[in-house]
Amino acid sequence: MFGRLLTPFRQTTGMARWILLTGLLITLAYVVLALFAPWIAPFDFNQRSVDGVKFDKLSAPSGTHWFGVNDQFYDVLSRCIWGARTGLHVVTLSVVFSLVVGVPLGVISGFIGGWLDRVLVFVMDALYAFPSLLLAIVFAFLLRGPLGGGVMAAALSLTVIYIPQYYRVVRNTTVSAREATYVEAARAIGAKNGTIMRRYLFGNVIQSVPVIGTLNAADAMGTLAALGFLGLGIQPNEAAEWGYDLSRALDDPSGVWWTGLYPGMAIVLLITGLTLIGEGLNETINPTLRKRRLRKVVLPPQDVATAMVEENR
Amino acid sequence: MSEALEETLHETTPPTPNVVEARDLRVWYGTDRGPVRAVDGVSFDIRPGEILGLVGESGCGKSTLGRGLLGLLPDGAKMDGQLRFEGEDLLALSKRELFSRRGSQLGMIFQEPLTRLNPLMRISEHFRETLRTHNKGMDKAEIDRQALEMLRQMGIPPTRYRSYPHEFSGGMRQRIMIGLALVLKPPFVVADEPTTALDVLVEAQIIRILHDLRQNFDTSLLLITHNLGIIAEACDRVAVMYAGRIVEIGEARTVFATPQHPYTRELLRSTISLSTTGLNFIPGSPPDLVEPPSGCHFHPRCPDAMAICATRAPVDRVHAGGTRAECWAADRAEGLLDDLPEADLAPLKQEEISVADEA
Amino acid sequence: MASASGSLPRYIVQRVLMIIPMVWVLITMVFILLRVAPGDPVSAAVGDKLSDEALDARRATLGLDRPILTQYFDYLGSVARFDFGKTISDNQPITDVIKNNGGATLSLTVGAILIALVVGIPLGLLAGRRRDTGTDAVIRVFGIVSYAAPVFWVGLMLRHLVAPTGWPTYEIASPITKFEIEPVTHILIVDTLLAGNTTAFLDVLQHHVMPCVVLGLLLAGVLIRLVRVNVLQTLQDDYVEAARARGIPERYVVRRHAFRNALVPVITVIGLQIALTLGGAVLTEATFSWPGLGGKLIEYLIARDYAGVQGIITFFAIFVVLISLLVDIINALVDPRVRY
């Protein structure tokens with residue numbers, strides 16, 4: 001089965017492959033930064049001084065502070081690296097939560113149908129139509145109180161936005177797969193509902209999830225940064241968060257460009273990397289968009305063809 | 001193609017110039033496994049006003065041949081050989097020159113009429129676009145007049161002229177497509193399975209229209225289909241295609257009455273009528289076009305196969321009755337193989353084909 | 001149009017009837033969410049400013065001392081009358097807030113959409129036409145990066161770049177303009193035209209450039225991707241091949257068949273992006289201190305003013321739904337296949 005999964009990859013033209021590879025490389029770099037932040041970053045994310053000597057507030061990039069210092073006395077480079085950890089942490093959590101809730105709901109809803117299905121579709125469509133940022137804002141606003149300003153609150157605020165997406169795709173695939181002849185055949189030989197869902201539908205449905213997952217992760221990263229920018233994200237002394245740093249950079253005097261440039265670039269690169277993976281996957285997996293690699297064909301001259309036949313005598 | 005055969009061809013052909021002359025046409029596609037020989041050395045002629053049927057199983061290359069004649073092959077396909085249209089070599093033309101001939105000299109009727117019309121354009125706009133491309137200066141009134149006249153002949157009322165494609169039934173859409181193909185009065189039209197997507201009654205109407213093309217428009221038609229009944233009804237001559245080659249070609253009546261090639265014979269036997277009591281079929285499945293069977297491509301499935309069929313490709317010959325076919329068994333029946341060793345003429349040991357290759 | 005035009009009103013009514021339940025679900029969700037939070041809205045907003053009796057009095061005026069179901073139905077009723085309640089922090093009717101600040105958000109959004117169309121559509125068409133070439137790659141990367149880059153970062157960077165030139169990067173207009181122009185429609189740029197004041201008009205226009213470009217680029221990124229995919233698919237459609245078979249030259253085939261058909265869903269696409277646009281507008285307003293509804297929303301968020309947040313979000317929800325209805329209607333008019 002693994003071989004069969006890989007055939008689309010081998011068949012694509014250079015473009016889709018490049019996209020996928022570039023995206024993977026970028027994201028991998030961030031994962032490395034996130035995992036090894038304590039060792040890679042020169043300073044801690046809320047470190048203001050070294051040996052009792054405070055950092056130079058708003059100082060330009062220099063030998064000690066490659067990316068400069070921001071207006072809260074933090075080293076910008078360190079905040080960027082630690083930010084990778086926070087960002088990936090929150091986004092992974094939220095994607096996992098959304099999957100865990102959205103996918104089973106979609107399968108059950110699509111398979112069983114009836115009023116449960118109709119109600120869920122309705123609610124999910126309404127949620128889906130609503131501006132995702134505003135939903136996240138509302139949830140972050142609410143969860144602030146009970147959960148404080150930490151990673152979990154941020155992750156949960158994001159979860160709600162993406163549940164409808166998984167639900168929708170999974171449900172629609174389930175509904176169309178449910179009517180497929182192989183499911184009918186399975187029923188004819190007496191397979192139970194649970195078995196059908198598990199064995200036949202799950203595999204089909206699972207196919208579209210990676211594409212959506214990566215694109216959601218990209219979106220979640222952007223929304224997290226937006227929340228941080230609006231002050232609804234993670235507190236600066238709990239973890240480093242790029243969006244928050246950007247909100248501080250907004251009020252910095254003009255001429256101080258390093259406090260905004262680097263955290264922003266960190267966001268852009270990561271989201272781009274994740275999106276590239278998603279788009280690359282999409283081109284590879286989606287057969288209509290996939291462009292088969294064309295081999296050049298050279299027609300041998302006519303005589304050769306007949307000569308070959310003569311040989312067989 | 002041998003010179004002797006070429007001569008014979010010209011002897012049997014009347015002196016009026018052929019509309020289409022194809023010699024040793026090949027269309028090969030490139031794939032991962034190697035080149036697919038969709039059309040592998042095909043030769044035929046089409047006279048003015050004649051309907052040539054091209055019949056064969058799915059995957060034998062007939063659609064590719066049809067498209068190749070118009071230059072509508074997808075990227076990655078290469079065509080060579082000789083293709084003369086009204087004396088001119090089509091393969092030597094530049095893309096732009098070929099383009100200008102399409103529509104006005106070479107027409108095409110496709111299989112699924114539903115998707116072949118732009119859903120956002122009215123029928124009138126389709127006609128205007130076609131006519132204006134080839135007659136730059138024509139004014140609107142003249143365009144509409146010609147279009148409406150064509151539609152009238154196709155049986156579409158003029159009140160529907162400004163309707164959209166989705167407002168017509170499948171049969172009407174196909175008639176519109178035929179009208180669009182004919183409105184410029186091209187001398188040659190390829191119809192690629194024009195009725196496969198339609199029901200039987202509509203099919204009869206469409207076939208009648210195609211059959212009457214000759215009287216009404218003096219158009220030559222290459223009618224591609226897998227349905228022998230249509231061939232019998234509408235075609236003057238028929239070409240039977242297998243694995244990229246034409247195995248038999250001749251007057252339709254003659255071919256149906258006395259088929260020379262075993263494949264043709266088996267095809268005719270497998271048609272169903274009210275008197276059918278048992279199902280006849282040809283065992284096995286169409287051959288792999290990347291590595292076709294050696295010698296005669298049909299030998300693994302042929303009931304008359306001999307040893308020589310697996311080693312040497314049969315020679316294209318004109319047989320009694322005027323049909324041209326390439327088959328060792330047919331040659332033997334006419335006494336042409338008497339000087340070959342017994343071993344070559346022994347029946348071929350064929351592998352048991354119990355399950356279709358595709359399964 | 002070809003189809004019976006008499007049933008268009010019926011179609012609209014059908015769609016409206018379908019919209020109402022959706023709006024109701026959204027409003028209920030917002031209501032529940034904001035009531036679910038612990039503590040009560042009033043003390044959260046102004047708890048430290050007023051005495052206990054004053055707080056109780058406030059709660060009574062806002063109806064917060066009544067059972068929650070009553071509050072809910074009251075709320076539904078007032079929304080139906082387009083009364084979105086009053087803010088807690090400054091006791092303003094939210095309808096007034098919407099009236100005064102909605103215009104700025106509207107002009108920002110419209111400007112951004114225009115820029116997105118002008119930039120996004122041609123680039124998308126070009127990329128689809130030249131699939132897998134260098135041009136395609138560059139355009140696609142541009143599209144992805146435009147969408148990935150947060151509006152507040154792009155705005156900030158542009159601000160740094162532009163600061164030396166003195167181009168305005170804050171607010172919607174200079175103080176003089178704001179003082180001079182009479183709010184008639186409450187859309188400042190329109191009001192300057194109505195007042196016939198060219199300097200003021202140019203001033204407002206100038207202030208619009210940066211925020212609209214920033215938000216527009218974000219939308220353009222999305223648009224490029226969607227248009228490109230559409231073009232790829234229409235180029236493979238059967239009628240395109242059939243047109244080629246009739247000898248229609250390639251450039252006409254591409255333009256009149258592929259591009260035209262690829263763009264038909266663009267209207268729907270824009271409509272679907274309205275949600276994204278609103279979110280982006282909120283952030284853009286924060287970046288440029290733009291006096292729109294987004295800015296107000298943030299104000300109320302910071303002040304923990306539940307009523308304000310609820311009111312504005314409800315309004316946004318209704319707005320989004322109305323736009324999608326409008327999009328459906330336009331789609332029905334433009335695409336002859338939609339039968340009504």
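Strands β1 (residues 20-31) and β4 (residues 77-85) of chain B run antiparallel and are joined by 8 bridges. Here strands (E, at least two residues) and helices (H or I, at least four) are DSSP runs, numbered from the N terminus. Val20(B) faces Phe85(B) of β4(B). The model is predicted: local features need pLDDT of at least 70, side-chain atom pairs count only at pLDDT 80 or more, and totals for chains, interfaces and linings use all residues. Residues are numbered from 1 along each chain as its sequence is written, chains are lettered from A and ligands numbered from 1 in the order in which they are written, and side-chain values use heavy atoms, without hydrogens and water.

In chain B, 4 strands form an open antiparallel sheet, ordered β2-β1-β4-β5. Two strands pair if DSSP finds at least two bridges between them. β2 (34-46) and β5 (88-89) of chain B are the edge strands, each pairing on one side only.

Chain B also meets chain C. The contact (heavy atoms within 4.5 Å) takes 28 residues from chain B and 21 residues from chain C. The two chains bury about 2,300 Å² between them, 57% of it on carbon and sulfur atoms. Buried area is the accessible area (1.4 Å probe) that two parts lose on being put together, summed over both. Leu120(B), Glu129(B) and His166(B) supply 27% of the area that chain B buries against chain C, more than any other three residues.

The interface holds 5 salt bridges (a side-chain nitrogen of Lys or Arg within 4 Å of a carboxyl oxygen of Asp or Glu). Arg67(B) forms a salt bridge with Glu241(C), their closest N and O atoms 2.5 Å apart.
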